[in-house]
Amino acid sequence: MDIQQIKQDIVTDSHVLHQQGIAAAFGHVRARIPGTDRFIFPPRMSPALVQIDSLLELDVDGRQLAGAGRPNTEFWIHARIYKARPDVQSVCHVHPPSCLVLGSLGETIRPLHASGAVFKNNVQVFDHITLIRTRELGDQVAATLGQYEAMLLRGHGVNVAGKDVRRVCVLTLWMEEAASYQLRAMSAGKPRYFTTEELAVIHPQVSAEEFSNRAWEYFSSRAKQS
């Protein structure tokens, strides 16, 4: 995928997350420039307003290399995850409401429906109540994420990391969906979460490329129509 397409995907992803109620005035989606320690980063604005000509370029040490705008102060989330995880090509940080509520209850994502099974029981929790505005905190966040795809930041939001912008968009939407269903189940009774054995059966089905591509096709087309 070329740089122009990656930039367009960042714009589309940003608009999808706003349209779906995952991001409002705050939140940010970024992508690594393939084969480098640099990444493309929207400036300090709502995801709803992001356009290709406003995008910036930073590196994993926090230096701004291109673009005239100011980066969001939490660029260290992205910079240090990219530094720690060469396999990660895109990172999203947003504040989904159900995920925030779930984290405030001392819980994390525990799969009880098909799409949520993609996370298994691997959603880590960063417990510090703070904005991630230093290299040191960025390194702590990256260490908490470890080798997984998603994490909660208690009282703050979520980070999702993946192989490209499209996959990260879909995972972020599935994460909020999973949290919403989990909260409903908890309020109604004692949820029957998927067992390890059940996750081993269903996870390969919901993590398939075709499945996430179909979700991206739907949500991106909705964003373009609005």
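1. Start just past helix 4: G146 there takes a positive phi of about 60°. Helices (DSSP H or I, at least four residues) and strands (DSSP E, at least two) are numbered from the N terminus. This is a predicted model, in which local features need pLDDT of at least 70, side-chain atom pairs count only at pLDDT 80 or more, and totals for chains, interfaces and linings use all residues. Residues are numbered from 1 along each chain as its sequence is written, and side-chain values use heavy atoms, with hydrogens and water left out.

2. Helix 4 has a buried side. L137, G138, V141, A142 and L145 are its buried residues. Buried means under 20% relative accessible area, exposed over 50%, and partly exposed in between (1.4 Å probe, protein chains only).

3. Contact means heavy atoms within 4.5 Å. The face turned away from the buried side carries the exposed residues E136 and A143.

4. D139 also sits in helix 4 (residues 135–145). D139 is partly exposed, at a relative accessible area of 34%. From D139 to A117 the separation is 22 residues in sequence and 27 Å in space, C-alpha to C-alpha.

5. K120 deserves a look. Its phi is near 50°, a positive value in a residue other than glycine. Most residues other than glycine have a negative phi. K120 lies in the loop between helix 3 and strand 6. With 35% relative accessibility, K120 counts as partly exposed.

6. Now the packing. The largest nonpolar core has 40 residues, and L17, F119 and M175 touch the most other members. Helix 1 (3–19), strand 1 (28–32), strand 5 (90–94), helix 3 (97–104), strand 7 (150–153), strand 8 (157–162), helix 5 (165–188) and helix 7 (209–225) each supply at least two residues of this core. Helix 5 gives the largest share, 11 residues. A nonpolar core here is a set of buried Ala, Val, Leu, Ile, Met, Phe, Trp, Tyr and Cys residues joined through side-chain atoms within 4.5 Å.

7. F119 touches A150, L171, W174 and M175, leaving out residues up to four places away in sequence. A second, separate core holds 22 residues, including W76, A79, I132 and V141.

8. One cavity of 30 Å³ or more is present. On a 1 Å grid over the protein atoms alone, a cavity is a set of points where a 1.4 Å probe fits but cannot get out; a pocket is an open set with protein on both sides within 12 Å along at least five of seven lines; lining residues have an atom within 4 Å of a point. The largest cavity holds about 30 Å³ of space. Among its lining residues are S14, H28, R30 and M45. Strand 1 gives the largest share of that lining, three residues.

9. The largest pocket has a volume of about 220 Å³, where volume is the space filled by probe spheres set on grid points joined across faces, edges and corners. Of its 14 lining residues, F26, H28, N72, T73 and E74 lie nearest its centre.
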